Amino acid sequence: MGFVHALYAAACWGALAACAIVACWRNLAGKPPAVRANATVPYVLIGALVAVAWPQLMRPLLDGDSLSYHLPNAAAWVQAHSLWTTATRYWWYPPASELFAAGLYSVGGPFALPWCGFGALALLGFRVAGWARGAFAGEPFYADALAAAVVTAYPLAIQGGTLQNDVWLAAFWLESLWTLRTVDGAAARTLATTVLLKPQGWLLAAIALIARRAPRRLWLTAAGTLALWLAHDALLWQRAIAAPAGTRVANLAGTSIAAHGADALALLARVTLTESPFALLALVAALAAPAIVRRDPRLGWAACAAALLFLALPFGYATPVAQLATGASLRFAAPAIAIGALILARSARRVPILATALLLASTAFGVWYVLSIFWNDGGTHAAIAFAFVAVVVAATARMLRRAWPNVLAFGLAVVAATHLAARHPLDYYADALSIGG
């Protein structure tokens, strides 16, 4: 729709209706997915997701990156009803997550935008749970606890109500590795999205393709998607309204963590240990994955490559402001943390009870860490209660074997959070800036 100047609210609603009709038709024409009475529901994951996301969802966007270029890109495309605009300084960036935000902006307005981050975090959590459940058929609670620990790791959890796209990249990269196991119809679409998430998305897509020995057609799909966006940039470059930002930075390599050697690695360990011990453990597991994953060595090397990419990425150590020292650049490690968590799952097979207890402790720490940031606002205090309600609703839906309780609760949450975020937006910004930005 963006490429053909059709990015309108009515068109977005029409596309959603078409998808729903096709899904219903497929279920009626064939055998609908079976719903087992004993199907496992990740209650800990659901509660953890709501606990860390609610304080962010009930506020307008406060994150600096979201406000400086993610939101301007999405808003410019909605206002132009098209991708063929250069009104923002970052118009040339890979657009996948901002296009999702543009669709949500067009139908829901600016105060619904924090739900973009929630969608990515939920996708990541449920994929981790599903993947780990397959590896631990007899320990479903362990898989639930592992997924909860992932979504509450601070570098990931703090994106649960923003337009930052590091969790988006982690979610779709993990989804690429999953769908490429069987090379089903979702693999091509997932890879295409991964390629267009952040400038390094194509690198992680290539790692997934190599790790899974993907057929040539999927390589062509990924390359074609990237080429399409590069052609868009090339056509608009010479007549850009706004000068492209971030295209001329001296000594890019010198801004990486790897360029600063052992001192930077020590700083990385100290900062990550403070903000999320689980994230540090998962990052180390990703680096050591080739030695841990014996039965699937290509997956181990893919995990290691994701961790090494984080260490080599520009801006990981410093920009004109501190990045690693403040923990800001830990968000770049999201793909490595996600895959590292699954590597940890493999190494904890022999001690599932102890591992589950440690994961639950990590989840509690992550929830506390996020809530403490927003605790000065009374609305944050309801997060734990909402998490409990979400678990009760999920249990009710499972007991009834119906989806409508989840749908109804989700819809009410969207309406309530959007209303709260829109009530006194300037007060939220003043409050955020008063505690150090």
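Helices (H or I, at least four residues) and strands (E, at least two) are DSSP runs, numbered from the N terminus. The structure is a predicted model, in which local features need pLDDT of at least 70 and side-chain atom pairs count only at pLDDT 80 or more, whereas totals for chains, interfaces and linings use all residues. Residues are numbered from 1 along each chain as its sequence is written, and side-chain values use heavy atoms, with hydrogens and water left out.

Most residues other than glycine have a negative phi. Lys198 is not a glycine, yet its phi is positive, at about 65°. This residue belongs to the loop between H9 and helix H10 (201-211). With a relative accessible area of 8%, Lys198 is buried; here buried means under 20% relative accessible area, exposed means over 50%, and partly exposed lies in between (1.4 Å probe, protein chains only). Arg401, also not a glycine, has a positive phi of about 55°. Its place is the loop between helix H18 (383-400) and helix H19 (404-423). Arg401 counts as partly exposed, at 43% relative accessibility.

Helix H9 itself (residues 186-195) contains Ala186. Ala186 has a relative accessibility of 23% and therefore counts as partly exposed. Between Ala186 and Ser176 there are 8.6 Å in space, C-alpha to C-alpha, and the two are ten residues apart in sequence.

Helix H6 (residues 140-151) packs against helix H17 (residues 352-374) at an angle of about 30°, and their axes are 8 Å apart. Axes are lines fitted to C-alpha atoms, for helices over the stretch in contact, and angles run from 0 to 180 degrees between N-to-C directions. H6 and H17 are therefore roughly parallel to each other, on a scale where angles under 35 degrees count as roughly parallel, over 145 as roughly antiparallel, 65 to 115 as roughly perpendicular and the rest as oblique. The crossing of H6 with H17 is left-handed; a crossing is so called if the near helix is turned anticlockwise from the far one by less than a right angle, and right-handed if clockwise. On the H6 side the contact (heavy atoms within 4.5 Å) involves Phe141, Tyr142, Ala145, Leu146, Ala148 and Ala149, which meet Pro352, Ala355, Thr356, Leu359, Leu360, Ser362 and Thr363 in H17. Classified by residue type, the contact of H6 with H17 has ten nonpolar, three polar and no charged residues. In this scheme Ala, Val, Leu, Ile, Met, Phe, Trp, Tyr, Cys and Pro count as nonpolar, Asp, Glu, Lys and Arg as charged, and the others, Gly among them, as polar.

H6 also packs against H16, at an angle of about 150° and with the axes 10 Å apart. That angle makes H6 roughly antiparallel to H16, and H6 passes H16 in a right-handed crossing. Tyr142, Leu146 and Val150 of H6 make this contact with Ala341, Leu342, Leu344 and Ala345 of H16. The contact of H6 with H16 has seven nonpolar, no polar and no charged residues.

A further pair is formed by helix H12 (residues 261-275) and helix H13 (residues 277-287), which pack at an angle of about 135° with their axes 5 Å apart. H12 is thus oblique to H13. Leu268, Ala269, Thr272, Leu273 and Glu275 of H12 make the contact with Pro277, Ala279, Leu280 and Leu283 of H13.

The loop between helix H15 (297-312) and helix H16 (334-347) holds Pro320. Pro320 is exposed, with a relative accessible area of 87%. Its C-alpha lies 9.7 Å from that of Thr255, although Pro320 and Thr255 are 65 residues apart in sequence. Ala322 has its place in the loop between H15 and H16, and counts as partly exposed at 41% relative accessibility.

Aromatic side chains complete the description. Rings of Phe, Tyr and Trp (its six-membered ring) pair if their centres lie within 6.5 Å; planes under 30 degrees apart count as stacked, over 60 as edge-to-face and the rest as tilted. By this rule there are 19 aromatic pairs. Among them, Trp115 and Phe118 are edge-to-face, at 5.3 Å centre to centre and 75° between the planes. These two residues are separated by about one helical turn, because Trp115 and Phe118 are three residues apart in helix H5 (residues 115-135). Trp115 and Phe118 are both buried. Elsewhere, Tyr69, Tyr90, Trp91, Trp92, Tyr93 and Trp237 form one aromatic cluster.
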